[in-house]
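Please read the following account with the sequence and the model side by side.

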Amino acid sequence: MSDLELRALERQHVVYGWQPQRLAAPLLVTRAEGVNFWDSCGNQYLDLCSGQINVNVGYGHQAIIQAMKRQLDCLTYIAPGFATEPRVRLSSMVAKRCPGDLQYVFFSNSGSEAIENAIKIARAATGRLKIYSAWQSYHGATAGASAISGDPRRLFAEPVVPGVAKFHYAACYRCPFGQSAPPDCGFSCLASLERQIDHDGPETIAAIVLEPIVGTSGLYVPPVDFIKGIRKLCDEHGVLLIFDETMTGWGRTGRWFACEHFDVVPDILVTAKGITSGYVPLGVTVFTPAIREKFLDTAFVGGLTNEGHTLACAAGIANIEVYEQEGLIERSAALGEYLNKSLLELQAMHPSVGSVRGKGLFACLELSSDRERRIGIAGYRNARCTIAGEITSRMLQMGVFVVAKWDFIFVAPPLIISRTALTEAIEKLDKVLAYTDELVRC
Ligand SMILES: Cc1ncc(COP(=O)(O)O)c(C=O)c1O
């Protein structure tokens, strides 16, 4: 089919997420390999955001493709009530890499579904209703996941499902409590959360959900004591702690899971994305033996047609082997240091860069129109602002794909990226920042 014919069909039938359909004009992509993809005219692009920050091992990895082919040849699908070798093996591989006693694994099809299941599990296990989550968060696009999300993507789902409440994360660059940097601030965020729990009554709260490092809502790396403090509050009040590691899991931050940076183990861990690096959809909800006990004599709270799908599990097994064989977790940590240093150099050169934040190969530049007063260049909820779109399109013209949103440019390449390719991409970011510097000077 010609490109023209495809485009005509596209206009008649395809719906693209998170954008006005009139504005949707995506590249037609035909091939991807390693850290690059190609459009139908043969133009090459470096993917500096691993797709949706999920293609951690890069595109077209033969070890994963071959494992998927072998699985298709032997068992494409079986009803979820049956046991299969890929499901059992992947469950045990996930449990082995999770910290602490996170051991029981429920598979779904996406980060959003994994979150929905975590909410249901927490409510059933505690007999309590309320779920607390951070304003600085995104947890997915299904009803419950939208409800607990804090960033503007939540607004599409309002009025949200009942039984959720929000608190402020340790977003220290622009402290919601107007405080100085930790530890001098005295952790007003934790004190406020404690007051909130007290007002609500701990006996009504099933779980606190948070991203141990916030992803696309602003990439906040919190102080260790914030995460430890939340664990302590949960323990004191019999509230379950859920970490959403949909984006931060699987080496993205230089450890298997971001919670390892804080030495804190949640009661439930949610992950997706990097478990299969986008080869097949897969969501994961992992929990402790104490939670599993609640479902020994009463039915587990859900089930899905594609729960533990053989193809997804086979891809997950091969993908985890790739992380290990290629040393990608360590690579993310080491190359992440270089990335951080390079982005700080950009900040020093460009007045429009207000802040650089990140961990491992997971970083963001926050753009600012007034560095002193920390004012965002576009505005967090300003959907009409075209700056982020302009950045993405200028970078594409230079052959690099980045995700830019509100005031943020995210840099999260596949963990296999070479230092040379990363350097070249950063040089292109340097060029695009000349455009944002101009806006700030005007
Ligand atoms: C932290 C977090 N949770 C949940 C989700 C939702 O995952 P999915 O898009 O696979 O449903 C995302 C997606 O970006 C995410 O970043």
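In this predicted model, 38 residues of domain 1 are in contact with 41 residues of domain 2. The two domains come from a domain assignment of the chain, in which domain 1 comprises 3–57 + 327–441 and domain 2 comprises 63–325. Between the C-alpha centres of domain 1 and domain 2 the distance is 25 Å.

How much area is buried between domain 1 and domain 2? The size of an interface is often expressed as the accessible area that is lost when the parts come together. For this pair of domains the buried area is about 3100 Å², and carbon and sulfur atoms contribute 63% of it. On the side of domain 1, the residues that lose the most area to domain 2 are Trp 18, Ile 329 and Phe 362, which together account for 22% of what that side buries.

The interface also contains polar interactions. Across it, 21 residue pairs are found in polar contact, with both residues at pLDDT 80 or more. Several elements each supply at least two residues of the side of domain 1 that touches domain 2: the helices α2 (50–53) and α11 (328–349), and the strands β11 (353–358), β12 (363–370), β13 (375–376) and β16 (408–411). By residue type, that side of domain 1 divides into 20 nonpolar, twelve polar and six charged residues.

Salt bridges can be considered next. One salt bridge is found across the interface of domain 1 and domain 2. The side chains of Arg 174 and Glu 366 form a salt bridge, with a distance of 2.5 Å from N to O. For the structure, the count comes to 17 salt bridges. Another example joins the side chains of Arg 231 and Asp 235, at 2.8 Å from N to O. Arg 231 and Asp 235 both belong to helix α8 (residues 224–237), where they are four residues apart, or about one turn of the helix.

Strands of a sheet pair through backbone hydrogen bonds, in either a parallel or an antiparallel sense. Here, four strands make up an open sheet in the order β1-β2-β3-β14, with mixed pairing. Its edge strands, β1 (29–33) and β14 (400–401), each pair on one side only. Strand β3 (residues 44–47) pairs with β14 in the parallel sense over two bridges. Within this part of the sheet, Leu 46 has Val 400 of β14 as its bridge partner.

Finally, some places in the backbone deserve attention. Most residues other than glycine have a negative phi, and most peptide bonds are trans. Which residues does a cis peptide bond with omega of about 0° join? They are Glu 158 and Pro 159, and Pro 159 is located in the loop between α6 (143–148) and β6 (164–167). The peptide bond from Pro 182 to Pro 183 is also cis, with omega near 5°; Pro 183 lies in the loop between β6 and α7 (188–200).

Trp 18, already named for the area it loses to domain 2, has a phi near 60°. Its place is in the loop between α1 (3–13) and β1. Ile 53 likewise is not a glycine, yet has a positive phi of about 55°. Ile 53 is found in helix α2, one of the elements that supply at least two residues to the side of domain 1 touching domain 2.

Conventions. Residues numbered from 1 in each chain as written. Predicted model: local features only at pLDDT ≥ 70, side-chain atom pairs only at ≥ 80, totals over all residues. Heavy atoms only, no water. Domains from an automatic or database assignment. Contact = heavy atoms within 4.5 Å. Buried area = accessible area lost by both parts, 1.4 Å probe. Salt bridge = Lys/Arg side-chain N within 4 Å of Asp/Glu carboxyl O. Polar contact = N/O pair within 3.5 Å; in protein donor to acceptor, adjacent residues only side chain to side chain. Nonpolar A, V, L, I, M, F, W, Y, C, P; charged D, E, K, R; others polar. Pairing = 2+ DSSP bridges.
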